[in-house]
Amino acid sequence: MTMLAERQTNWCAEFFDALFAEHCLMTRSAAEVDEIVVFLARVLRLKPDARIFDQCCGVGTLSLALSRAGYRTHGVDLIPA
């Protein structure tokens, strides 16, 4: 792998670190997250017990809220933080 290809592969792991997660992904209030869940359910016309795949879920804020709302969620993210 060339140095450029390696840099292109690893940039997201360097950018989306634990500091990013703490300051950018965990700043929404519970009320705001609940509003997003209601919005998604309405716009996507989600049926009760719908399956939801949350790609690039970050720390799982929406995945967890959707799960609490009764949807079957599966969130994945490339970055461990």
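**Entry 1: Arg72**

Is Arg72 buried, partly exposed or exposed? I looked up its relative accessibility and found 40%, so Arg72 counts as partly exposed. My cut-offs were under 20% relative accessible area for buried and over 50% for exposed, with partly exposed in between (1.4 Å probe, protein chains only).

**Entry 2: Basis**

I worked on a predicted model, in which local features need pLDDT of at least 70 and side-chain atom pairs count only at pLDDT 80 or more, while totals for chains, interfaces and linings use all residues. Residues are numbered from 1 along each chain as its sequence is written, and side-chain values use heavy atoms, with hydrogens and water left out.

**Entry 3: Fold**

I found 4 helices and 2 strands in the protein chain. These are DSSP runs numbered from the N terminus (helices: H or I, at least four residues; strands: E, at least two). Along the sequence I read the pattern α-α-α-β-α-β. Of the 81 residues in the chain, 19% are buried.

**Entry 4: Salt bridges**

I counted a salt bridge wherever a side-chain nitrogen of Lys or Arg lies within 4 Å of a carboxyl oxygen of Asp or Glu. The count came to 2 salt bridges.

I found one between the side chains of Asp49 and Arg72, at 3.3 Å from N to O. This pair links distant parts of the chain, 23 residues apart: Asp49 sits in the loop between helix 3 (30-43) and strand 1 (51-55), and Arg72 in strand 2 (residues 72-76). Asp49 has 42% relative accessibility and therefore counts as partly exposed.

I found another between Arg28 and Glu32, at 3.8 Å from N to O. Arg28, at 45% relative accessibility, is partly exposed, and Glu32 is partly exposed at 36%.

**Entry 5: Pockets**

I searched a 1 Å grid over the protein atoms alone; a pocket is an open set of points where a 1.4 Å probe fits, with protein on both sides within 12 Å along at least five of seven lines, and lining residues have an atom within 4 Å of a point. A volume is the space filled by probe spheres set on the points, which are joined across faces, edges and corners.

The largest pocket has a volume of about 250 Å³. Of its 12 lining residues, I noted Phe16, Cys56, Gly58, Asp77 and Ile79 as the closest to the centre. Helix 2 (residues 18-25) gives the largest share of this lining, 3 residues. By class I recorded 9 nonpolar, 1 polar and 2 charged residues. Here Ala, Val, Leu, Ile, Met, Phe, Trp, Tyr, Cys and Pro count as nonpolar, Asp, Glu, Lys and Arg as charged, and the others, Gly among them, as polar.

The second largest pocket holds about 170 Å³. I noted Arg28, Asp54, Cys56 and Thr61 among the residues that line this pocket. Helix 2 and helix 4 (61-68) are the elements that give two or more residues to its lining.

I found a nonpolar surface patch formed by Trp11, Phe15 and Phe16, with about 320 Å² of accessible area together. Trp11 lies in helix 1 (residues 3-15) and is partly exposed at 48% relative accessibility.

I also looked up Phe53, which is found in strand 1. Phe53 counts as exposed because its relative accessibility is 51%. Its C-alpha atom is separated by 8.3 Å from that of Ser63, 10 residues apart along the chain.

Key. Patch = residues over 30% accessible without salt bridge, like charges linked within 9 Å, V, L, I, M, F, W, Y side chains within 5 Å. Areas by Shrake-Rupley, 256 points an atom, 1.4 Å probe, with all protein chains shown as cover.
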